[in-house]
Amino acid sequence: MRPVPARASGALALVAALAGCDGWNDLEGPLWTPEAPTVVDGHLYVTLDRAGDVARLSPDGEVRILSAGDDTEISRLVPSPDGTVLLAVTTSWRCDDPDAGGLVYVDECGEPVARRHVRVLHPEGDDTARPLGPAYGTFAFSPDGRFVVAVQDGDVVGVGDDGIADLGAVWVFDRRDGVVSELPVGFDAHRVLFTGGDETTGMLVLSRRRVALVDLTEAVPVVEATFPLTLDADAEVRPRDVVLTPDGTHALISVTGSSDLYVLDLVNPSINIVSLAGEPSRMVVDAARDRTLLTYARRGVLEILSHDLWEIRDVALDEGAGELWLGDGFALAWDPDGRDVHRIDLETLRVTEYRLNWAPHAFHVAPDASFAVALSAPGGAGRLEILDLRVHDGRYHTDPRPFALAGPGLDVAFTTEEAETTVLLLQQGQDALYALRWPSLARSEVALPSAPVAIGALDGDTFYVTHPDPLGLVSFYEPGEELRSVGGFGAVGLLDRTKLVVDDEEAR
Amino acid sequence: MIALLLALSAPAVAARHELSFEYAATLHGDEVTGDVGGFWAHDGFGLRGGYAVLRDRQRMGLVITGAWSHASRVRDGELFDPAATTYDGTYLGSLEQRWRFDTFALGAKADLDLGNVFYPYVHVQAALIASGLRLDDDPERPGNPNELAARALAPAGVFTVGFELMLPDRKLGWPVTAAFFFDAGYQVAGPLTYGDFGGKVDLSGAVVRTGVGLRM
């Protein structure tokens with residue numbers, strides 16, 4: 001595959017005109033997914049959806065194609081939180097059609113049966129394909145990177161080879177020992193929280209009507225205790241969110257559609273129920289002060305739950321806040337449907353209200369927490385507002401600095417150089433990367449080869465920008481350096497057809 | 001009956017040198033071109049030449065042939081997402097495809113002179129198919145970074161049966177005459193793999209050709 005010289009393109013266009021453009025046809029896509037790249041160890045990984053492979057892109061322009069074989073598709077990437085490990089969920093197919101003799105390709109089989117596996121893509125060296133059941137869709141890495149747990153996300157893809165799928169289990173992969181196990185924990189297990197600090201020793205699994213405490217220190221994980229969330233067989237109780245107290249002795253669990261907060265004692269298994277103002281939108285643990293902050297989308301209150309006596313203290317807000325951000329010494333609460341941004345001093349609980357001019361569709365706090373950026377699109381017009389979060393002689397500048405954009409803001413990233421933080425901004429339909437420095441408000445832009453979709457940090461001061469070009473296009477930006485773009489990787493394997501897996505021991 | 005006997009008994013000049021302009025169609029039914037390019041057949045034009053090695057007073061003639069044919073397809077593939085839940089979410093962009101097939105063939109044609117007008121024949125060829133595929137996801141912007149190209153080569157064999165209708169040069173006393181031909185048969189081809197684009201395009205299938213030309 002090579003780029004076409006400009007002169008040849010012109011000659012070819014003439015020939016094509018003589019030959020005639022034959023029309024159009026539908027082509028099933030996408031070829032790749034620009035909205036959701038994965039960053040691992042300074043490289044960008046994107047799935048080549050049609051080819052079933054993965055492209056690894058590097059800032060120096062290198063493109064490397066990772067494939068699991070002609071008969072296997074890589075359908076999903078799962079990175080570890082620290083960005084050092086990358087897992088791939090793969091799918092291979094066999095044909096159960098009784099008239100399937102001699103078939104080679106999946107699209108020739110009337111009844112293909114999918115088999116899923118998990119493989120380690122990075123670091124390289126482990127080629128083992130570990131079986132994964134059809135119902136698992138959401139993955140969680142333990143903080144130490146040792147355990148990977150898959151829970152069911154409701155989209156059951158078939159029932160597997162034996163015609164039965166266990167809907168009450170979780171899948172556990174111990175990367176250190178290479179052991180995979182399925183553990184029954186309850187129907188509709190959908191959320192996992194690891195316990196144990198620096199070295200993971202256990203996990204809480206939230207499923208419908210119960211919470212399971214699992215011991216991960218044994219060779220095979222075992223359920224150490226089960227906390228029923230209701231004794232009424234007719235009651236539907238679905239846990240929504242879970243946080244752990246800083247000492248790891250209690251878990252706080254909110255429930256969908258309920259103002260009850262379940263406090264689970266993990267040392268002496270027991271349940272205490274605390275009544276809240278409503279169903280909380282966000283729960284964030286304030287570890288420095290050993291308490292939990294809760295906000296509500298439809299109630300103008302911030303509740304603070306102490307971890308010693310489980311008592312609640314209310315902080316009044318002007319309007320509901322569905323989002324909560326915790327910084328060093330203060331918290332921010334806002335709602336995507338509202339215009340108020342509340343700054344709450346975590347020591348004094350004093351509330352300072354910032355009033356945005358437009359309801360934000362995105363809200364980002366700078367890494368040094370000196371300012372925040374709100375993106376909005378009133379009537380389709382792009383707007384950006386900057387909130388100054390600094391203290392000026394004991395006072396706050398609560399009026400936001402508003403800016404008009406050429407198009408609705410898509411995404412932002414931050415980079416810091418000397419005393420200034422730069423906001424890198426993408427605008428819809430604009431072929432440029434815009435930079436706005438804080439606090440000087442100096443502006444500049446870098447031309448992009450195509451309209452962008454997303455921006456993110458690769459490592460250090462290197463950023464990636466993805467573009468929606470169907471054949472693949474990613475740009476790498478480093479302040480002070482020339483923009484470098486990598487494209488064409490979406491065409492890899494465009495013409496390939498996925499083969500069927502052939503079992504040596506049984507006929508297809 | 002008498003006319004046929006007279007025709008068969010007349011001195012025959014079966015094989016002639018030839019130069020023809022040809023239209024050819026291949027009905028291959030390939031799944032890759034069908035899925036990606038939306039076409040299962042292609043047609044085009046070319047040239048065919050022949051050097052007679054058996055001629056003069058032979059009812060059966062043998063011509064060594066050489067031919068080139070060119071076919072192309074320019075398609076605008078509209079990418080859609082089958083998993084999209086909204087109408088606006090289905091369209092993902094378009095992908096211009098320019099497919100090119102050039103067939104270079106060497107063969108032998110054996111014909112039978114029937115009355116200096118009708119010449120049935122069989123034609124066998126060994127061929128080389130040179131193909132190219134160019135992709136562009138932004139054809140409105142020449143020089144964009146996603147103008148891509150790949151090539152492929154594959155051998156092929158072609159067997160056809162057909163006939164020629166010729167203006168009777170002997171009766172008319174012409175050194176050069178005109179002819180029309182039509183033949184049909186089958187092509188067996190090896191797989192075409194387009195570099196990083198991958199694929200195994202199989203152009204085996206029915207072949208139909210027709211054309212006009214000069215006979216000498």
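In chain B of this predicted model, 67% of the contacts with a separation of 6 or more join residues 24 or more positions apart. The secondary structure of chain B comprises three helices and ten strands, and from the N terminus these elements follow the order α-β-α-β-β-β-β-β-α-β-β-β-β.

In chain A, four strands form an open sheet with antiparallel pairing, arranged in the order E37-E38-E39-E40. Strand E37 (409–417) and strand E40 (443–447) of chain A each have a single partner strand and stand at the edges, so that one side of each lacks a neighbour in the sheet. Neighbouring strands of this sheet are turned against each other by 25° on average, direction ignored. Five bridges connect strand E39 (residues 432–438) of chain A with E40(A) in the antiparallel sense, and A:Tyr434 is placed opposite A:Glu445 in E40(A).

A further strand of chain A, E41 (residues 454–459), contains A:Ala454. This residue, A:Ala454, has a relative accessible area of 10% and therefore counts as buried, the cut-off being under 20%. When neighbours within four places in sequence are left aside, A:Ala454 is in contact with A:Pro34, A:Asp411, A:Leu426, A:Tyr464, A:Val465 and A:Thr466. By C-alpha to C-alpha distance, A:Ala454 lies 42 Å from A:Ile273, and the two are 181 residues apart in sequence.

Terms used:
Residues numbered from 1 in each chain as written. Chains lettered and ligands numbered in written order. Predicted model: local features only at pLDDT ≥ 70, side-chain atom pairs only at ≥ 80, totals over all residues. Heavy atoms only, no water. Pairing = 2+ DSSP bridges. Helix = DSSP H or I, 4+ residues; strand = E, 2+ residues; numbered from the N terminus. Axes fitted to C-alpha atoms, helices over the stretch in contact; angles between N-to-C directions. Buried < 20%, exposed > 50% of the residue type's maximum accessible area, 1.4 Å probe, protein only. Contact = heavy atoms within 4.5 Å.
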